[in-house]
Structures are given as C-alpha cells and as structure tokens.
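Biologist: Could you pick one part of this model and take me through it closely? I'd like to hear about the open space first, then the side-chain packing that goes with it.

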Amino acid sequence: MRRVRYESTGGPLFLEEAPVPEPGPGELLVRCEAVGVTLPVVRKVTEAAEPIALGGEIAGEVVATGEGVTRFRAGDRVTGLCFGHGYADFAVLLEAMATPVPDEATAVDAVALVRGGLVAFGALESARPQPGESVLVTAAASGAGHLAVQLARARGASRVVGAVSDPAKADFVRSLGADDCVRYGDDSWGEPADIVLDAVGGELLAPAVAALAPHGRLVAYSSGGGTIQAYDLLVGAKSVIGFQMRLIATGRPDLYEQWRRELWRMFADGTLKPAVHGEFSLDNADKAHEAIGTRANLGKVVLRP
C-alpha cells in the first residue's frame with residue numbers, strides 16, 4: 001500500500017510503499033476513503049524533533065477486525081481518529097475511537113463533520129452555555145471552528161463572533177451564522193463575550209482572555225499552549241477550562257456516543273453544514289499541509305487516498 005512519510009523536521013512529505021498493517025486486539029483495519037488534515041499534525045511535522053507517524057481523522061470501510069472487537073465487522077463504514085499512520089491506503093483504528101457513518105453521508109462528509117464537530121460540540125458543552133449568552137470562536141474558519149460557529153448559533157447564542165487571521169475570511173464566517181468577524185490583530189475584539197472557544201492558544205491566549213466578559217469562560221482546546229496571568233482571571237472572575245476529546249472518547253464513551261448521534265441528527269436536518277476547503281491526493285499531502293499551515297483554509301482540508 002501507499003503511505004505518506006517524511007524524514008526530518010519540516011518535511012518534505014513523500015509517498016512510500018509499506019505493508020498493509022494487521023489489526024491488533026480492539027482494532028479495526030480500514031480501507032481509507034478520506035483523511036482529515038489537522039493543525040496539530042501539521043505543527044508536529046514542522047516542530048517535532050523526530051519524525052512522527054502522520055495520523056488524523058480517517059473514514060472508510062472496515063476490511064478486518066482484531067481480537068475482541070464487537071461493535072464492527074468487515075464491510076461497515078466508519079470514521080475516527082487514527083493515532084498511527086493515517087495518511088495511507090489502509091490504516092488501523094481503535095474500536096473505541098470509531099463511529100459508524102450513515103448511508104446518506106460520504107466519507108468526506110464524515111471526516112469534515114465528526115471529529116471537528118465532536119471537538120466543537122464538546123468545547124461548547126464544557127462552557128455550560130446558557131440561552132442568550134454570547135460566544136466568540138477563534139480559528140472560526142478552521143475545520144472545528146466553522147462547526148463551532150454553527151453550533152453556537154444553533155444552541156441559542158445571542159451573539160456569535162468569529163475571530164480569524166485574515167479579513168478575507170469574514171464573508172465565509174458570516175455565512176456560517178456569525179453576527180460579526182474580527183481579526184486577531186485588531187485593537188479590540190468588540191463587545192466582551194460570555195464564552196470564548198479558543199483553538200489557537202499561544203500568543204493569542206491573552207487577548208482571548210481579555211475578550212471575556214466578567215464571569216466569562218474560555219475553553220482551550222488547542223495544542224498551541226500559552227500562558228495566562230492569574231490576575232487577568234481574578235479581576236473579572238473569569239474561568240479557563242481545558243478540553244481534550246480523547247479523554248471523552250476513552251473515559252466517557254456514553255457521552256461520546258450521545259454527542260455523535262446529535263451531530264449526525266443536525267447534519268441530517270441541515271443545521272450543521274460542514275465545509276470542505278479542498279481535497280488533495282496522497283502525493284499532494286504537502287499542499288494540504290500548506291493550506292493548514294498558512295491558515296488559508298475555509299473549512300476542512302481532506303486527503304483522498
């Protein structure tokens with residue numbers, strides 16, 4: 001089979017021939033039809049000291065199952081997060097991380113909706129939103145961010161604001177249901193928000209906290225890190241909440257399944273409309289990474305094996 005690999009920090013990415021993996025206990029072997037590209041993986045390629053296996057969201061057909069698998073069998077269509085080599089014709093997926101794909105959805109729909117949607121859904125839930133509260137979403141044009149904007153609107157937010165790196169993304173963000181769009185470099189992000197969902201971190205964390213209203217909650221679900229001064233929280237009785245999807249998937253499978261069903265329901269009735277920025281072949285994986293790394297994407301970036 002073909003898979004994408006690289007040999008040194010920063011790439012380049014290239015295709016190689018590799019044996020089809022064998023599923024171990026509790027694992028599924030999936031013939032990949034679509035692979036979602038994520039910012040954490042792009043960052044690891046450019047920053048990690050040693051090369052990593054290029055994992056990510058995959059969707060496709062189960063072709064074999066490992067010992068102990070009970071929920072899926074060969075022929076089932078699934079999607080989930082692969083922690084090994086996911087940029088490939090075949091990939092191994094933990095059963096605990098897999099969810100079924102309904103007949104009416106494509107593999108591209110699945111990678112554009114499920115993982116990013118679950119992260120957006122979980123981040124918003126972590127803030128315990130109340131009807132009529134306002135929500136600001138950073139990386140509002142990203143794979144998870146553009147779904148978070150739609151979810152905040154669907155959950156009854158009084159005002160939804162998207163924050164982006166490039167003002168050229170404003171029309172796209174407003175088309176998702178945002179009332180306004182601000183740029184990271186703006187002196188002010190407008191009226192303070194009750195909830196900030198932050199997918200960027202790093203140097204953006206401080207202005208994201210500053211954008212909170214008194215008693216506001218920031219949910220950090222980025223891999224970008226960052227530092228917050230305690231005083232900045234004390235003066236406004238603000239809170240910062242960390243969210244990681246893997247902890248929900250492995251520790252609260254009941255909640256994970258509940259959120260998954262709700263996402264597919266909202267997809268079916270048109271409430272959630274995942275956007276795909278572009279589809280790239282495996283041999284153009286470097287271009288897919290460039291779209292994410294330069295923040296050029298409007299919605300999800302997808303590889304098609």
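**The largest pocket and the packing beyond it**

Modeller: Helix α1 gives the largest share of the lining of the largest pocket, with five residues. Bear in mind that this is a predicted model, where local features need pLDDT of at least 70, side-chain atom pairs need 80 or more, and totals for chains, interfaces and linings use all residues. Numbering runs from 1 along each chain as its sequence is written, and side-chain values use heavy atoms, leaving out hydrogens and water.

A pocket here is an open set of points on a 1 Å grid over the protein atoms alone, where a 1.4 Å probe fits, with protein on both sides within 12 Å along at least five of seven lines; lining residues have an atom within 4 Å of a point. This one holds about 1,200 Å³ of space, counted as what probe spheres on the points fill. Its lining has 43 residues, and Thr38, Leu39, Pro40, Tyr221 and Ser223 lie nearest the centre. Elements giving two or more residues to that lining are α1 (39-47), β4 (56-65), β5 (77-82), α2 (107-126), α7 (245-251) and β15 (300-304); these are DSSP runs, helices being H or I of at least four residues and strands E of at least two. By type, the lining splits into 23 nonpolar, twelve polar (Gly goes here) and eight charged residues.

Phe121 in α2 pairs with Trp259 in α8 (residues 253-268), so parts 138 residues apart in sequence get tied together. Ring centres are 5.7 Å apart and the planes sit at 35 degrees, so we call the pair tilted (pairs have centres within 6.5 Å; under 30 degrees is stacked, over 60 edge-to-face, the rest tilted). Phe243 makes another tilted pair with Trp259, at 6.3 Å and 45 degrees. Phe243 sits in the loop between β13 (239-242) and α7, 16 residues from Trp259. Together, Phe121, Phe243 and Trp259 make one aromatic cluster. Phe121 is buried, as are Phe243 at 11% relative accessibility and Trp259 at 5% (buried is under 20%, with a 1.4 Å probe and protein chains only).

Key
Phe/Tyr/Trp six-rings, centres within 6.5 Å; stacked < 30°, edge-to-face > 60°. Buried < 20%, exposed > 50% of the residue type's maximum accessible area, 1.4 Å probe, protein only.
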